Amino acid sequence: MTFLQVLAHPSVFVWLCLAVGLAVGSFLNVVIYRLPKIMERDWQLQCAELRGEEPPQVEPFNLALPGSRCPVCAHPITALENIPVASYLALRGKCSACGARISPRYPLVEALGGLAGAYAAWHFGFGLAAFAAMLFVWSMIALTFIDFDTQYLPDDIVLPLLWAGLLLNLGGTFVDLRSAVIGAAAGYLSLWSVYWGYRLFKRMSNRLFGRNDPEIGMGYGDFKLLAAIGAWLGWKVLLLVILLSSMIGAVVGVSLIIFAGRGKDVPIPFGPYLAGAGIAALFWGQQLNRQYLGLFF
């Protein structure tokens, strides 16, 4: 039996992808925390350049530098303290140097990365579709937490994801190329149309009733994310993704208002619900579409 045959064995492949996914989850924590700050620094440097100012000298800050450290005491995180999930449990959720509490979100993201890898491996089996599905889900995890933190969906993730979907479907990995191209265009234009329709409605409503309610209902990042989902999974799942994300978003939004006392005017990011619906469509889109259409036909 060759090495590739051993690797492709279902049990070996699933456990290997679980381990790789845990490591990727650890990296996703870095991306979630640092990417928005990197982009903010870039914007500040660009603004300084446009104003004709000398760019400030700052410490290198990217996905690799500086090394991970405790945000309270700056204790460098050692390799043994950086083992996904296991280190958090061994340290009992506290910094080994100062005892500061470590957010449980770190092991949560690591666990999600591992489970995503293992489930994609089990669902699709050894092959391109499984590896592509892992990339898709890991990207969605990163976008979800970034959007929760900043209400921003970075182009640095969304646009490469869109192009990757089109390239993968050149060979029909998930859908044929025609369906992928239409899905990308329809995904963007559908939410774009809703966005401008809502803005025009609110503008007319404000003028008619003399109010000053916000006109913006969602951001352009949501359009691009749905376009990326359409590029990966085709146009046939777009209605399902929109319905699922809208229902989940509405339930969560109403729950936050009723049970958490969140103000009605506080914006709620829509990206996480699109991402969750996109993951559901990746694994169970055909079955969900059949059940949904079965309600009417």
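**Reading the model**

Mentor: From the N terminus on, the elements of the protein chain run α-α-α-α-α-α-α-α-α-α. The secondary structure comes to 10 helices and 0 strands; helices (H or I, at least four residues) and strands (E, at least two) are DSSP runs, numbered from the N terminus. This is a predicted model, in which local features need pLDDT of at least 70 and side-chain atom pairs count only at pLDDT 80 or more, while totals for chains, interfaces and linings use all residues. Residues are numbered from 1 along each chain as its sequence is written, and side-chain values use heavy atoms, with hydrogens and water left out.

Trainee: What box do the C-alpha atoms of the protein chain fill, and what percentage of the contacts between residues at least 6 apart in sequence join residues at least 24 apart?

Mentor: Taken along the principal axes, the box is roughly 65 × 55 × 45 Å. Among contacts (heavy atoms within 4.5 Å) between residues at least 6 apart in sequence, 71% join residues at least 24 apart.

Trainee: How many salt bridges does the structure hold?

Mentor: Side chains of opposite charge can pair when their charged atoms come close. The criterion for a salt bridge is a side-chain nitrogen of Lys or Arg within 4 Å of a carboxyl oxygen of Asp or Glu. The structure holds 3 of them. In one, R105 pairs with D149, and the closest N and O atoms are 2.8 Å apart. R105 lies in helix 4 (residues 105–124) and D149 in helix 5 (residues 128–150), so this pair ties together parts that are 44 residues apart in sequence. Another joins the side chains of D155 and K224 at 3.0 Å, N to O. This pair also links distant parts of the chain, with D155 in helix 6 (residues 155–168) and K224 in helix 8 (residues 220–233), 69 residues apart. R51 also forms a salt bridge, with E53, the closest N and O atoms being 2.9 Å apart.

Trainee: Where does R34 lie, and which residues does R34 touch?

Mentor: R34 is placed in helix 2 (residues 10–50) and counts as buried, with 7% relative accessibility. Not counting residues up to four places away in sequence, R34 touches F61, N62, L63, A64, L65, P66, G67 and S68.

Trainee: Which residues of the largest nonpolar core touch the most other members?

Mentor: A nonpolar core is a set of buried Ala, Val, Leu, Ile, Met, Phe, Trp, Tyr and Cys residues joined through side-chain atoms within 4.5 Å. The largest has 58 residues, of which M134, F136, I141 and V241 touch the most other members. Its largest share, 13 residues, comes from helix 5. Leaving aside neighbours within four places in sequence, I141 is in contact with L28, I32, V109, L112, G113 and A116.

Trainee: Which peptide bond is cis, and which residues other than glycine have a positive phi?

Mentor: Most residues other than glycine have a negative phi, and most peptide bonds are trans. Here the peptide bond from L65 to P66 is cis, with omega near -10 degrees. P66 lies in the loop between helix 2 and helix 3. V85 is in the loop between helix 2 and helix 3 too, and its phi is near 65 degrees, a positive value. Q151 has a positive phi near 55 degrees and is placed in the loop between helix 5 and helix 6. V85 is partly exposed at 25% relative accessibility, and Q151 is partly exposed at 39%.

How values were computed
Buried means under 20% relative accessible area, exposed over 50%, partly exposed in between (1.4 Å probe, protein chains only).
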